[in-house]
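Please look through the sequence and the model shown below before reading on.

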Amino acid sequence: MPNDSRSADRRSDSPPVRLPSRVLFVTGKLAEPALRRVLSRMDAPFECEVAVLKITVAALMTTSWIARHLEVPSGTDLVLIPGLCEGDPALLREQFGVPAAKGPKDLREIPRYFGQAQAAPDYGAYSIEILAEINNAPRLSSSEIRRAADYYRASGADLIDIGCTPGAPFPELANVVGELQAAGMRVSVDSFDPEEIRAAVGAGAELVLSVNRSNLEVARDLGGTDARVVVIPDFGEGIETLDRSIEALERWRVRYLIDPIIEPIGFGFMASLERYAEIHRRYPTAAQLMGVGNITELTSADSTGLNAVLMAISEEIGVRAVLTTEVIPWARGSVRELDIARRLMHYAVQSQVVPKGVDDRLLTVKDPEILEYSEAELRQLQAAVRDPNFRIFTDRETITVFNSEIFVRGTDIQEIFSQLGVEEATHAFYLGRELMKARLAITLGKTYRQEGALSWGYLTPPDDVKSEHVRLTQRSRRTRAGEARNRGSGAAEPPGEGAAGG
């Protein structure tokens with residue numbers, strides 16, 4: 001069974017693998033007070049230093065601009081720039097000879113950013129294989145099967161399970177298995193038909209789901225090979241029927257996993273979990289398989305949490321392989337969820353820590369923490385703003401919008417918009433989009449970030465660098481009043497002010 005020590009995939013705002021001893025935080029003039037406040041409250045295990053560059057909005061910096069204007073003190077072993085900065089931090093590493101990285105997009109997440117780093121060196125190993133089943137494979141074309149297999153492998157599946165359909169001929173089974181294996185994939189076959197099993201194993205399938213006394217003889221030919229079988233109870237019988245099948249498999253020197261069969265909720269779910277625990281007591285060194293799709297596909301609940309709990313149970317009771325599929329809409333992404341969950345639960349069980357604050361990628365609908373400013377803090381921020389472009393913030397109930405001239409708070413986005421005096425179409429569209437996103441963040445219990453995607457855990461899309469920094473100009477009331485006077489007098493309109501969006 002695998003014990004992969006690859007670290008979990010990381011976005012640009014992931015923490016460093018090892019904690020530094022002295023960090024230089026780069027920011028602009030507007031964010032400096034908030035950054036210093038966050039750092040003063042953080043119990044940092046390293047020395048903090050702040051470099052305030054000559055720019056108001058830190059997010060408008062680029063790495064090439066920073067390289068021209070930053071001075072790095074000696075002894076610095078990490079330069080951390082704002083997460084919304086454009087450009088590759090590698091440019092700064094080359095310029096200064098010091099590691100450089102993008103921090104979180106919201107400076108209030110800096111403590112969490114570094115807190116995760118302590119777990120990073122030991123995080124990412126797992127002990128459970130994932131089998132992703134392609135259902136009703138005989139009814140699919142070879143290109144459809146290959147497309148599904150590629151998707152599952154990219155999601156983290158270890159084996160691609162070819163799901164045969166009872167009564168449906170599958171003359172292309174051997175070719176399908178051979179093509180997937182030639183593409184570097186590990187393959188299992190889901191069938192009770194001895195002929196299908198022989199064809200698949202002959203073409204390179206390494207695991208057979210499943211055998212019991214109804215077809216056990218087909219396993220005799222696998223003795224001494226690398227192929228494994230999944231042994232299940234006899235149909236309609238209890239786990240005591242496993243003993244005779246296991247004895248035969250061991251006599252034939254056939255490697256096996258035990259599947260006591262998990263039942264859907266309402267049809268003996270808890271009793272089936274007890275069977276897994278009992279098999280673990282009877283055969284403490286034997287690996288078990290659990291078909292978790294019986295729960296995620298048959299329960300009208302988001303699969304994310306279900307997969308996390310099922311993987312935790314599996315980690316504790318000797319399950320070393322799980323089988324899933326992604327047929328029902330609410331179970332889409334299950335393979336990826338299981339891949340994340342197996343790492344998290346392995347780390348929790350092996351390290352004897354609760355699976356909290358280590359890896360938040362399974363928090364898709366709700367955020368691990370809602371980051372917010374008080375009204376007093378926002379009014380303090382407004383006092384430092386010198387341009388008419390709008391800044392948008394949310395707390396648990398309220399949306400706040402302000403620029404250098406106005407300060408609006410409320411819960412109704414239409415009412416808020418009506419007070420902003422926006423006339424230019426592109427700016428109206430931009431604000432409408434951002435206000436709807438802010439309202440959604442409040443509804444779901446998420447942190448809102450202006451011009452940034454909401455966090456959806458592992459589902460968060462990569463940032464679109466081209467659209468991440470929206471440069472819109474909201475003209476001041478004074479400018480608009482002047483334009484109106486000019487129009488009234490017939491004078492030519494002056495060009496708009498060229499301030500960047502906040």
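**A sheet and its surroundings**

Strand S14 is covered on both faces: Ile399 and Val401 on one side, and Thr400 and Phe402 on the other, are all buried. Here, buried means under 20% relative accessible area, exposed means over 50%, and partly exposed lies in between, with a 1.4 Å probe and protein chains only. In a regular strand, side chains alternate between the two faces of the sheet. The structure is a predicted model, in which local features need pLDDT of at least 70 and side-chain atom pairs count only at pLDDT 80 or more, while totals for chains, interfaces and linings use all residues. Residues are numbered from 1 along each chain as its sequence is written, and side-chain values use heavy atoms, with hydrogens and water left out.

S14 belongs to an open sheet of three strands, ordered S13-S14-S15, with antiparallel pairing. Helices (H or I, at least four residues) and strands (E, at least two) are DSSP runs numbered from the N terminus, and two strands pair if DSSP finds at least two bridges between them. Strand S13 (391-394) and strand S15 (407-410) each have a single partner strand and stand at the edges, so one side of each is left without a neighbour in the sheet. On average, neighbouring strands of this sheet are turned by 15° against each other, direction ignored.

The pairing can be followed residue by residue. S13 and S14 (residues 399-402) are antiparallel and share four bridges; Arg391 stands opposite Phe402, and Thr394 stands opposite Ile399. A hairpin through four residues joins S13 to S14. S14 and S15 also pair in the antiparallel sense, over four bridges, and Gly410 in S15 is the bridge partner of Ile399. These two strands, S14 and S15, form a hairpin with four residues between them.

Which helix lies across S13, S14 and S15? Helix H13 (residues 375-383) does, running at about 155° to S15. Helix H15 (residues 425-444) packs on the sheet as well, touching S13 and S14, and its direction makes about 150° with that of S14. Such axes are lines fitted to C-alpha atoms, for helices over the stretch in contact, and the angles run from 0 to 180 degrees between N-to-C directions. Contact means heavy atoms within 4.5 Å.

The next topic is the nonpolar cores. In soluble globular proteins, nonpolar side chains tend to be buried together. A nonpolar core is a set of buried Ala, Val, Leu, Ile, Met, Phe, Trp, Tyr and Cys residues joined through side-chain atoms within 4.5 Å. The largest core has 69 residues, and those touching the most other members are Ile160, Ile162, Leu180, Val229, Leu249, Ile258 and Met290. Helix H12 (residues 334-351) supplies the largest share of this core, seven residues. Apart from it lies another core, of 25 residues, including Leu30, Met42, Phe393 and Phe407.

Aromatic rings come next. A search of the whole structure finds five aromatic pairs. Rings of Phe, Tyr and Trp (its six-membered ring) pair if their centres lie within 6.5 Å; planes under 30 degrees apart count as stacked, over 60 as edge-to-face and the rest as tilted. The ring centres of Tyr151 and Tyr152 are 5.5 Å apart and their planes stand at 50°, so this pair is tilted. Tyr151 is partly exposed at a relative accessible area of 41%, whereas Tyr152 is buried at 7%. Phe402 and Phe407 have ring centres 5.7 Å apart and planes at 10°, so this pair is stacked. Phe402 is buried, with a relative accessible area of 1%, and Phe407 counts as buried at 17%. One aromatic cluster is formed by Tyr373, Phe393, Phe402 and Phe407.

Charged groups also meet rings. A charge sits over a ring if NZ of Lys or CZ of Arg is within 6 Å of the ring centre and within 35 degrees of the ring normal. The charged end of Arg342 sits over the ring of Tyr126, 3.6 Å from its centre, and Lys446 lies over the face of Trp456, at 4.5 Å from the ring centre.

Two single residues remain. Ser303 lies in helix H11 (residues 303-316) and counts as buried at 1% relative accessibility. Asn135, in the loop between strand S5 (129-134) and helix H5 (142-155), counts as partly exposed at 28% relative accessibility.
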